Amino acid sequence: MVRGVLGFVVGALAWMAAFSVMTFGVAFLWPAYAVHGRTWFESGVFTFEPPMAVFNVACWALAAVLAGWVAAAIARRREAVWALAAVLAGYLGVIHLLLEWSTFPWWYNLGVVLPAAPAVLLGGKLAGRFVRSSSPAMAH
């Protein structure tokens, strides 16, 4: 039980940290991206150009894969991965489909929300060797 909760929590933290590291890292290499990122943080206005927004969507998906991997590796139970997938998809769904729908382009909202749960589950599947053998859905 403790490992499951720890896996869930650390997986969620890894999700946010991974997205931040990827986007802040690219901001050093892509000055225009940094300008749009600063605008978002300072005023909450989404001004990213389409290639930048696509990059953000990819970063969210990659971060979700990492989160699922971390959750599975720590918890060693598929339930922690499923719970994380549900919570992240629910959280992103509320943010992007309800609260902030008009803030972002429609395709960006869907691009962030729709792959969230499958990406977490993929990460959990990739970490299958860490999961108990009684978890056939994640074992190799």
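Begin by selecting Tyr33, which counts as buried at 4% relative accessibility; buried means under 20% relative accessible area, exposed over 50% and partly exposed in between, with a 1.4 Å probe and protein chains only. The model is predicted, so local features need pLDDT of at least 70 and side-chain atom pairs pLDDT 80 or more, while totals for chains, interfaces and linings use all residues. Residues are numbered from 1 along each chain as its sequence is written, and side-chain values use heavy atoms, without hydrogens and water.

Rings of Phe, Tyr and Trp (its six-membered ring) pair if their centres lie within 6.5 Å; planes under 30 degrees apart are stacked, over 60 edge-to-face, and the rest tilted. Because Tyr33 lies in helix H2 and Phe55 in helix H3, the pair ties together parts that are 22 residues apart in sequence. Phe55 is partly exposed, at 22% relative accessibility.

Now widen the selection to the ring cluster. Ring pairs link Tyr33 and Phe55 with Trp30, Trp40, Phe46, Phe48, Phe104, Trp107 and Tyr108.

Finally, select helix H1, residues 2-29; helices are DSSP runs of H or I with at least four residues, numbered from the N terminus. Which residues are buried in H1? They are Gly4, Gly7, Gly11, Ala14, Trp15, Ala18, Phe19, Thr23, Val26 and Ala27. Display helices H2 (31-43), H3 (50-75) and H4 (78-99) as well, for they are among what covers these buried residues.

Methods. Helices (H or I, at least four residues) and strands (E, at least two) are DSSP runs, numbered from the N terminus. The expected span of a helix is 1.5 Å times one less than its number of residues. Contact means heavy atoms within 4.5 Å.
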